[in-house]
Amino acid sequence: CYFIKNKMYKVLLYNTFGLPGNLSDGNSKERSQNIGELIKDFTIVGLCEVFWHQKEITERAQFTNKFDLKRQLLKLVNSGLLFLTNCPTYLVHQEYFIKSSGADKLASKGFIILKVDVDGIFIYCVLTHMQASPGKNVRDSQTIQLIQAITNYCKEDIPLLFFGDFNMSAKYSSIHYVDIQDGNERISTYNFLRDSLMLNDIGSETGIERFMYRDSSKVKFSKCHFYEDNKIPRNLSDSPPLVFQFEFIMIA
């Protein structure tokens, strides 16, 4: 038998384009303040590219719990990752990518693994921002790191939500990749990552900012819905605000 927890939860994934000064539109501080005001109603928020003006977001959003991956020694900026929620949350693991190349070398990219209590139901949340520049060897290395960490730290009896800017997609799109070879390599690596962890993905098959999830034997994600949030103006970032909406089903 099963029990449906009749409540809808919403998780926001948003690449905020929070680059410093002349690397963005020069208006990242004001945009960050506006973003903070508009994300308050989500159950969980995962932000990428919050390299600058994190305080402007967190002070406006006013979530109880905040997790980030800070700047490494000799790196120009932090990871850009920011995880926000009002749910009781526990840090399980965080890790920097061993390899990076190109402009990615300037940032402290990696991933955060958290255990979140959503109305009495625990789920793992993994937030990441992977290599943007071309480079199969680097991307493969980051993928192996993620697979190993998730396998080691995320027990299979707890549901898993894995999201972030993967800079990879399930199908080819010319707007994201340098050429067909680059695209095919990224698609192959993405599918390997998803399938190795036995995850379901949801959303645009050509999108590089993505959600993946895994049920447990006793808790399943139900009524899953992916959409672009139209309450957050598109001019606040160069990426769309993406939402994963779901309910829980409890299996007795």
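Helices (H or I, at least four residues) and strands (E, at least two) are DSSP runs, numbered from the N terminus. The legends below use these names throughout. This is a predicted model, in which local features need pLDDT of at least 70 and side-chain atom pairs count only at pLDDT 80 or more, while totals for chains, interfaces and linings use all residues. Residues are numbered from 1 along each chain as its sequence is written, and side-chain values use heavy atoms, with hydrogens and water left out.

View 1. Along the principal axes, the C-alpha trace spans about 55 × 40 × 35 Å. Of the 252 residues, 56% are buried; here buried means under 20% relative accessible area, exposed over 50%, and partly exposed in between (1.4 Å probe, protein chains only). Take contacts (heavy atoms within 4.5 Å) between residues at least 6 apart in sequence: 69% of them join residues at least 24 apart.

View 2. The accessible surface comes to about 11,500 Å², computed by the Shrake-Rupley method with a 1.4 Å probe; for residues, only the protein chains shown count as cover. Carbon and sulfur atoms account for 51% of that surface. There are 29 positive and 28 negative charges, and their mean positions are 4 Å apart. Lys and Arg count as positive, Asp and Glu as negative, and His and the chain ends are not counted. Each charge is placed at NZ of Lys, CZ of Arg, CG of Asp or CD of Glu.

**View 3. Step inside to the largest nonpolar core, which has 29 residues.** A nonpolar core is a set of buried Ala, Val, Leu, Ile, Met, Phe, Trp, Tyr and Cys residues joined through side-chain atoms within 4.5 Å. The members that touch the most other members are Ile 44, Phe 83, Val 116, Phe 163, Phe 211, Phe 244 and Phe 248. Several strands each supply at least two residues of this core, including strand S1 (2-18), strand S2 (44-50), strand S6 (110-118) and strand S12 (242-251). Elsewhere, a second, separate core of 22 residues includes Val 126, Cys 154, Ile 158 and Met 212.

**View 4. Look closely at Phe 83 and Leu 84.** Beyond residues up to four places away in sequence, Phe 83 touches a list of partners, among them Ile 44, Leu 114, Val 116, Cys 125, Leu 127 and Phe 163. Leu 84 sits in strand S4 and is buried, at 2% relative accessibility. Setting aside neighbours within four places in sequence, the contacts of Leu 84 include Ile 39, Ile 44, Leu 47, Ile 57 and Phe 63. Gly 164 is 80 residues from Leu 84 along the chain, and their C-alpha atoms are separated by 14 Å.

View 5. Arg 214 belongs to strand S10, whereas Lys 220 is found in strand S11. Is Arg 214 buried or exposed? At 11% relative accessibility, Arg 214 counts as buried. Apart from neighbours within four places in sequence, Arg 214 is in contact with residues including Cys 154, Glu 156, Leu 197, Met 198 and Phe 221. Lys 220, at 33%, counts as partly exposed. With the neighbours within four places left aside, Lys 220 is in contact with Asp 215, Glu 247, Phe 248, Ile 249 and Ile 251. Although Lys 220 and Ile 249 are 29 residues apart in sequence, their C-alpha atoms are 5.1 Å apart in space.

View 6. Most residues other than glycine have a negative phi. Leu 74, however, has a positive phi of about 75°. Leu 74 lies in the loop between strand S3 (65-68) and strand S4 (82-85) and is exposed, with a relative accessible area of 81%. Lys 223 likewise has a positive phi, of about 50°, but its place is in strand S11 (residues 219-228). Lys 223 is exposed too, with a relative accessible area of 54%.
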